[in-house]
Amino acid sequence: MQNIKFLLLGFIAALGALAVEMILTMLFPGEAALVFTQITFLLILLVATEELFKFAVMLKSVSTTSFFRPSFLISAGFALTEIFLAYSKNTGIIQNNLYPLLAGVGIIHLTTGIICGYSAFAYKKTGRALTPLLLLILAIVLHLIYNVVIIKLIRN
């Protein structure tokens, strides 16, 4: 039952991030059309939003003795939500290119989610914010690099 709880928390975190992302897109309408073609301030905000939502859920879910299982399951719930939304939306991506893209979404969210989980674990364990903050920045940067690679691949 605990595993399902963690998956659902990932689902809720993804929907929360999506809601904030929709608001940010409305606040930056000029950049919204450019997000899938170039690096913009909005793209950085969108990536940071996703990682902050993951971190917030991880902070409530990991303990001082265990972080991997909750982090993995929450990240899987987050990734599955984003994969489902991307697959159901299928914005004209050629079908044989869609599956590697969806696999990449899963891998990046699992990777950054485990980093966010360890960040929350480190904060709970030590009470210090510097290491968790640096790990959160690392997760944001990795996610941003992934998005830039995808933008480059789509543009070519």
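Biologist: Hi! Where does Phe121 lie?
Modeller: Phe121 is in helix α5, residues 95–126; helices here are DSSP runs (H or I, at least four residues), numbered from the N terminus. This is a predicted model, with local features needing pLDDT of at least 70, side-chain atom pairs counting only at pLDDT 80 or more, and totals for chains, interfaces and linings using all residues. Residues are numbered from 1 along each chain as its sequence is written, and side-chain values use heavy atoms, with hydrogens and water left out.

Biologist: Thanks! Is Phe121 buried or exposed?
Modeller: Phe121 counts as buried because its relative accessibility is 13%. Buried means under 20% relative accessible area, exposed over 50%, and partly exposed in between, using a 1.4 Å probe and protein chains only.

Biologist: And which residues does Phe121 touch?
Modeller: Leaving out residues up to four places away in sequence, Phe121 touches Val62, Ser63, Thr64, Thr65, Ser66 and Phe67. Contact means heavy atoms within 4.5 Å.

Biologist: Switching to Glu51: which helix is that in, and what is its relative accessibility?
Modeller: Glu51 is found in α3, and at 0% relative accessibility Glu51 counts as buried. Beyond four places in sequence, Glu51 touches Thr112, Cys116, Leu136, Ala139, Ile140 and His143.

Biologist: So how do α3 and α6 cross?
Modeller: The axes of α3 (residues 41–61) and α6 (residues 130–155) come within 9 Å and cross at roughly 135°. Axes are lines fitted to C-alpha atoms, for helices over the stretch in contact, and angles run from 0 to 180 degrees between N-to-C directions. That makes α3 oblique to α6: under 35 degrees counts as roughly parallel, over 145 as roughly antiparallel, 65 to 115 as roughly perpendicular, and the rest as oblique.

Biologist: Which residues make that contact?
Modeller: On α3 they include Leu43, Val47, Glu51 and Phe55, and on α6 they include Leu136, Ile140 and Ile151. The residues of this contact divide into eleven nonpolar, two polar and two charged. Ala, Val, Leu, Ile, Met, Phe, Trp, Tyr, Cys and Pro count as nonpolar, Asp, Glu, Lys and Arg as charged, and the others, Gly among them, as polar.

Biologist: Nice. Which residues of α6 are buried?
Modeller: Among them are Pro132, Leu135, Tyr146, Asn147 and Ile150.

Biologist: Last one: how do α1 and α3 cross?
Modeller: The axes of α1 (residues 2–27) and α3 come within 9 Å, crossing at roughly 150°. That makes α1 roughly antiparallel to α3. The contact includes Phe6, Leu9 and Val20 of α1, with Leu42, Phe53 and Val57 among those of α3.

Definitions and conventions
Helix = DSSP H or I, 4+ residues; strand = E, 2+ residues; numbered from the N terminus.
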